[in-house]
Amino acid sequence: MGNLIWHEWARYVAITASVYTIWAAFEGIYFRKFFWDFIGGILRAPGGLQPSPNVSFFVTIIVKAPIIQILSMLTGATLVAIEYPAPFLKGTSIHRSFVARIVLLILHAFIAVLFYQGTNGALYALIAAMAYTRAIMLGETMEEAKNNRGRGGQA
Amino acid sequence: MGESWFRREFLTPRRAVFNVLFYGLQLAFFAYGWWAQETNKKLSALNALKWSVWVSRGAGLVLAFLAGCMLLPMLRNVIRVIRPKVAFLFPADENIWFHRQAAYAMAFWSMVHATAHYVNFYNVERTQVRPEFALDVHYTQAGGITGHFMLLIMVLMYTTAHHKIRHQCFEAFWYTHHLAFFFFIALWTHADGCFVRDSTGPAYTDTFPFYDPKFCLGYESWRFTIWPGIAYFFERVWREIRARRATRLSKVLVHPSGAMELRIVKPSFKYVAGQWLFIQIPEVSRYQWHPFTITSAPEDPYVSVHIRQVGDWTYALGDRIGAGPSVVSAMTKAAMAGAEKDDSIYGMRGDFVEVDTSVRSLPEVRIDGPYGAPAEDVFNVEVAVLVGAGIGVTPFASILKHIWYRQKKGALQSLKRVEFFWVCRDAPSFGWFQTLLQEVEAAQVDPNFLRINIYLTQKVNEDMMWNIAVNDAGAEYDPLTLLRTRTMFGRPDWQGIYARMKQAIEVGQYLPGINEQLKTTVGTYFCGPPVLGRAIHEACKENTTANINFTFAKEHF
């Protein structure tokens with residue numbers, strides 16, 4: 001009972017989103033596909049989907065070389081490091097900053113939405129970003145870990 | 001922790017059996033699902049997708065099994081009825097624990113299933129075994145879209161069910177968990193897309209179940225998983241019917257410690273000591289049900305619950321019945337201050353104020369329950385050790401009262417002695433409980449039957465220490481609790497307590513007439529934080545001998 005502390009909930013969603021994306025990106029390295037390639041793409045049997053030449057840039061960075069997948073793994077890992085938090089980030093201003101997280105989450109979502117397996121991770125990252133925005137609007141702050149025992153009442 | 005993971009999971013016989021069965025069944029379902037897909041001649045076109053389709057079908061079958069398990073532990077009324085019959089077989093009170101295990105397993109298998117399907121649809125598009133885009137399968141066919149939808153619901157449900165979130169905002173957890181309704185709708189229609197088929201196009205029909213089972217060769221798991229769903233639906237309907245039976249809030253007492261005692265009269269409500277109920281006050285919140293421990297004994301003409309004002313809902317309730325936070329906090333302060341300068345024997349801490357009902361009427365209440373708790377079987381043991389920590393003391397109010405009533409009637413069955421332990425940080429905030437303890441203590445004829453042990457774990461400051469030193473010496477009542485029993489300070493040493501009890505039973509001192517040759521059961525009933533519970537459980541296990549059996553049961557609320 002009591003008030004929902006939005007940033008604490010957002011943390012769990014953000015961790016879910018980033019772990020999901022790391023796993024999805026790992027799979028994406030083996031099964032490379034640009035998510036939006038159906039736009040202008042044509043189906044050919046045999047041969048499968050032929051992406052439109054307009055998206056050849058994305059095909060290059062996703063299918064030819066899994067750059068986007070690796071990038072989203074990196075943003076995902078960074079998010080986990082901030083959220084968990086990694087020992088060297090504990091108590092630093094980055095760890096306490098909601099704005100940094102929102103920016104990173106949106107960036108993460110933007111990268112993840114590009115490849116085939118990453119869309120759910122992107123969606124969850126956006127949900128987490130919205131929850132953090134709500135936390136800022138309500139004026140929540142990140143307290144030192146020892147005060148942060150999940151007690152009810154004021155955040 | 002202290003004990004290794006392996007010891008906890010596999011060297012405890014019951015746990016080992018559970019693990020082997022629960023996880024073994026999952027692996028068996030996975031293997032069967034895999035095999036049934038791989039060897040099905042009709043599905044050879046789909047089998048061109050190779051291992052990914054086998055994995056996804058295997059994991060899908062496991063998920064169906066787990067989703068079926070999901071609702072079973074939530075059939076609270078069924079559990080309450082079957083609990084006494086199956087208590088020897090499995091701990092029916094650990095239903096939420098089982099619900100969580102099934103949920104964890106479900107998260108894992110969802111990962112396997114979804115990963116495999118991502119590969120499946122990728123390969124469908126690449127090899128064109130079916131002429132369609134991968135994204136068509138993902139987002140336009142029933143199987144894909146319900147799957148993504150269930151994943152999203154799972155993210156929301158799992159994150160809000162985390163104990164930290166659940167404790168700080170029960171409402172968020174409560175409402176989000178009702179997404180389970182949509183989850184199950186999605187689950188039962190997950191196979192309606194007819195992805196697993198031997199025809200080229202999906203074989204839809206116009207009549208239920210909207211696909212042709214001759215061509216759609218899924219496992220038809222909805223035929224099984226729907227039954228727990230139907231059972232749960234009727235469970236909720238039954239709860240609603242029962243909650244609507246005549247209920248009247250007869251009295252509201254406000255205790256100086258801040259607890260509101262609601263005395264409710266509901267003739268159709270039958271319960272035993274130590275159980276709990278859900279309460280709803282439509283005027284405060286239309287849909288929320290809040291769990292509380294029953295603090296009255298079954299012999300009382302009313303059902304009472306003690307509610308401390310700690311959250312939104314409880315504050316709102318306090319305001320509504322005219323015992324708002326300001327009133328209560330003033331009373332609490334007075335009580336805390338009074339705790340130290342109180343010199344009358346039955347001090348002001350025990351006094352309560354009845355809320356005046358002439359000004360405005362009391363709100364309508366609805367109660368649902370009762371639901372089980374292990375303390376029901378307190379009369380089947382020779383010695384009952386009741387351990388309450390902090391607010392966890394509430395179920396024992398009912399049990400102690402009940403024991404007291406039974407004692408008056410002389411119907412204690414095998415119960416010979418009761419040891420009551422109360423470990424708390426600040427005794428004055430539980431003024432209402434002290435009143436009860438005073439009554440029970442004063443009513444004792446046999447000085448050995450009930451022993452009350454109170455441990456105060458807060459730091460004692462200098463003033464308080466002097467106060468205790470001066471007031472305690474030679475006084476008939478303890479200056480802090482106003483009981484005959486002396487308060488002890490610091491944390492109890494459970495190993496020592498249990499070892500001494502064992503020794504005393506062995507030499508026949510503790511229970512007259514019972515000596516070493518006879519089997520004695522000492523039942524421990526605990527309610528409080530898990531860390532403390534673990535310590536007590538350890539002590540119980542270590543002191544169990546051939547003839548003295550220390551059992552341990554935990555209350556959940």
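Trainee: What is the strand order in the open sheet of chain B?
Mentor: The order is β4-β3-β7 in chain B, an open sheet of 3 strands with antiparallel pairing. Strands here are DSSP runs of E with at least two residues, helices are runs of H or I with at least four, and both are numbered from the N terminus. Two strands pair if DSSP finds at least two bridges between them.

Trainee: Which strands stand at the edges?
Mentor: β4 (290-293) and β7 (366-371) of chain B; each has a single partner strand, so one side of each lacks a neighbour in the sheet. Neighbouring strands are turned by 30° against each other on average, direction ignored.

Trainee: Before going on, what am I looking at, and how is the numbering done?
Mentor: This is a predicted model: local features need pLDDT of at least 70, side-chain atom pairs count only at pLDDT 80 or more, and totals for chains, interfaces and linings use all residues. Residues are numbered from 1 along each chain as its sequence is written, while chains are lettered from A and ligands numbered from 1 in the order in which they are written.

Trainee: Back to the sheet. How many bridges join β3(B) to β4(B)?
Mentor: 4 bridges, with the strands running antiparallel. I279(B) has H290(B) in β4(B) as its bridge partner.

Trainee: And what does β3 pair with over in β7(B)?
Mentor: Strand β3 (residues 276-280) of chain B pairs with β7(B) in the antiparallel sense over 4 bridges. F278(B) stands opposite D368(B), and Q280(B) is partnered by R366(B).

Trainee: New topic, helices. At what angle do α4 and α12(B) cross?
Mentor: Helix α4 (residues 51-71) of chain B and α12(B) cross at roughly 15°, and their axes come within 8 Å. Axes are lines fitted to C-alpha atoms, for helices over the stretch in contact, and angles run from 0 to 180 degrees between N-to-C directions.

Trainee: Which residues make the contact?
Mentor: On α4(B), A64(B), A67(B), G68(B) and L71(B); on α12(B), F224(B), T225(B), P228(B), G229(B) and Y232(B). Contact means C-beta atoms, placed from the backbone, within 7 Å.

Trainee: Last one: how many residues does each chain put into the contact between chains A and B?
Mentor: Chain B gives 31 residues and chain A gives 27 residues. On the side of chain B that touches chain A, α6(B) gives the most, with 8 residues.

Technical notes:
Contact = placed C-beta atoms within 7 Å.
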